[in-house]
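Please consult the sequence and the structure as displayed here before reading on.

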Amino acid sequence: MKVDYIIVGLGIAGITFADKLETEGKTFVVFDDMSQQASIVASGMYNPVVLKRFTPVWQSKEQLEVALPFYRGLEEKFSIKLDYNLPIARVFKSVEEQNNWFEVCDRHLLNDYMCQDLVANTNTEFMAPFKLGMLKNTGRIDTKLLISTYRNYLESKGQLFSEKFDYNTLFLDKTSVKYHNVIAKKLVFCEGFGMLKNPFFNTLPMQESKGELITIFAPKLNVDFMLKGPVFIMPLGNHQYKVGATFNWKDKTNNPTEEGKKELLDKLGSILTTDYEIVSHVAGVRPTVKDRRPLLGKHPTYKNLSLFNGLGTRGVMIAPYAANFLYEHLEKNNNLPQDLAIYRF
Ligand SMILES: Cc1cc2nc3c(=O)[nH]c(=O)nc-3n(C[C@H](O)[C@H](O)[C@H](O)COP(=O)(O)OP(=O)(O)OC[C@H]3O[C@@H](n4cnc5c(N)ncnc54)[C@H](O)[C@@H]3O)c2cc1C
């Protein structure tokens with residue numbers, strides 16, 4: 001079989017690049033072994049403001065201008081709902097935090113997202129004595145549905161191999177790559193944290209940043225916005241809420257832990273007064289880079305091999321934006337922005 005591209009990994013990175021290839025009329029196949037699951041378990045939130053310090057996320061406006069139409073396009077392509085536009089309510093811990101919020105609201109960059117007036121909480125099922133700061137034009141993407149829909153789509157067209165990619169059986173020459181019976185012009189690795197097992201790119205500085213989430217059933221909570229206190233509480237419908245996430249910089253596994261659950265429940269207990277039940281508990285490893293920017297670019301020696309990784313904590317917003325840059329770089333030889341290129345290391 002001859003194709004333009006092989007993609008390894010079908011998380012958010014792999015999907016955004018695959019879809020770009022399809023839009024541009026390129027042929028490709030994907031290998032994925034489900035060994036990583038950041039994209040499957042992710043909360044899927046998009047939010048252009050760093051809620052600890054009230055600063056803008058790097059290039060957030062530019063990212064959202066690409067990301068939101070991208071997800072809308074997939075909704076139309078597959079007749080599914082992916083994008084849930086939901087405001088965020090930031091729970092203030094003090095008057096000082098309220099003042100910081102007012103100060104930042106005045107800056108024109110964040111005007112599109114931060115609402116100047118504070119909102120008093122009237123819901124007795126959670127505590128917010130210092131009021132709430134509301135963010136608009138934020139939301140969540142149903143990444144689990146996105147992954148399963150895209151997997152099924154590629155599988156039905158014979159473009160997905162559900163198997164581990166074995167780096168040792170890859171043959172490279174100047175104009176092509178050969179993997180088993182597939183000959184391709186180029187190969188793009190999108191393995192998330194799995195990159196550390198890739199002998200071509202595993203010297204790049206990726207840190208594990210494991211995250212755990214629980215889903216709860218809280219019939220009386222009745223919140224139709226994302227509540228940001230010591231944890232995020234995100235409505236999923238049917239009185240279910242995602243609660244998360246933890247950060248663990250040592251554990252490299254996808255296994256949910258008692259320690260992670262306890263941390264989430266302790267934090268939940270400091271804001272919720274309502275009764276709830278735990279429905280599920282999941283974990284995944286975020287592919288995080290020390291400067292919190294993606295890793296894009298060609299291998300310095302094997303130019304047919306490229307990397308699309310390092311999406312960190314914000315894959316939903318940045319992946320469609322980064323996929324466009326990588327495509328233009330590989331097909332038109334356009335330079336990658338210095339902030340995103342692997343050559344910065
Ligand atoms: C708990 C948690 C909450 C999160 N919440 C959010 C959020 O609210 N908003 C947000 O934007 N981001 C969030 N993230 C981050 C987001 O999930 C990541 O940025 C994003 O999913 C990374 O996507 P990826 O495609 O690079 O990696 P992954 O999703 O890890 O995908 C990599 C794929 O490559 C495959 N693979 C790896 N090695 C091989 C191999 N050798 N052979 C075959 N296949 C292979 C894996 O099976 C996997 O399918 C969260 C992450 C976690 C863990």
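**Briefing: strands, domains and ligand shell**

Strand β6 and strand β9 (residues 139–141) run antiparallel and are joined by three bridges; strands are DSSP runs of E with at least two residues, helices are DSSP runs of H or I with at least four, and both are numbered from the N terminus. This is a predicted model, in which local features need pLDDT of at least 70 and side-chain atom pairs count only at pLDDT 80 or more, whereas totals for chains, interfaces and linings use all residues. Residues are numbered from 1 along each chain as its sequence is written.

**The sheet β3-β9-β6**

- An open sheet of three strands has the order β3-β9-β6, with antiparallel pairing; two strands pair if DSSP finds at least two bridges between them.
- The edges are taken by β3 (45–46) and β6 (83–85), each of which has a single partner strand, so one side of each is left without a neighbour in the sheet.

- β7 pairs with strand β8 (residues 132–135) in the antiparallel sense, over four bridges, and the bridge partner of Arg90 in β8 is Gly133.
- β7 also runs parallel to strand β15 (residues 226–228), to which three bridges join it; there, Ile88 has Met226 as its bridge partner.

**Overall architecture**

- The protein chain contains seven helices and 20 strands.
- The C-alpha trace spans about 65 × 40 × 40 Å along its principal axes.
- Of the 345 residues in the protein chain, 43% are buried.
- Among contacts between residues at least 6 apart in sequence, 72% join residues at least 24 apart; two residues are in contact if their C-beta atoms, placed from the backbone, lie within 7 Å.

**Domains and their interface**

- The domain assignment gives domain 1 (2–42 + 144–206 + 291–344) and domain 2 (84–139 + 207–288); such bounds come from an automatic or database domain assignment.
- The C-alpha centres of domain 1 and domain 2 are 31 Å apart.
- At the interface, 14 residues of domain 1 are in contact with 11 residues of domain 2.
- On the side of domain 1 that touches domain 2, α2 gives the most, with three residues.
- That side of domain 1 has seven nonpolar, seven polar and no charged residues; Ala, Val, Leu, Ile, Met, Phe, Trp, Tyr, Cys and Pro count as nonpolar, Asp, Glu, Lys and Arg as charged, and the others, Gly among them, as polar.

**Ligand shell**

- The ligand is surrounded by 42 residues, of which the closest are Gly9, Gly11, Gly192, Gly194 and Gly315; a residue is near a molecule if its C-beta atom, placed from the backbone, lies within 6 Å of it.
- Two or more residues of the shell come from each of α1 (12–23), α2 (38–41), β14 (206–217), β18 (277–289) and α7 (315–332).
- By class, the shell comprises 19 nonpolar, 17 polar and six charged residues.
- Domain 1 and domain 2 both give residues to the shell, so the ligand lies between them.

**Backbone features to inspect**

- The peptide bond from Gly244 to Ala245 is cis, with omega near -5°, and Ala245 is placed in the loop between β17 (240–244) and α6 (258–269).
- Asn238, although not a glycine, has a positive phi of about 55°; this residue is in the loop between β16 (232–237) and β17.
- Asn238 is exposed, with 7 other C-beta atoms within 10 Å.
- His239, in the loop between β16 and β17, has a positive phi of about 65° although it is not a glycine.
- His239 is partly exposed, with 15 other C-beta atoms within 10 Å.

Note on methods:
A residue is buried if 20 or more other C-beta atoms lie within 10 Å of its own, exposed if 12 or fewer, and partly exposed in between; C-beta atoms are placed from the backbone.
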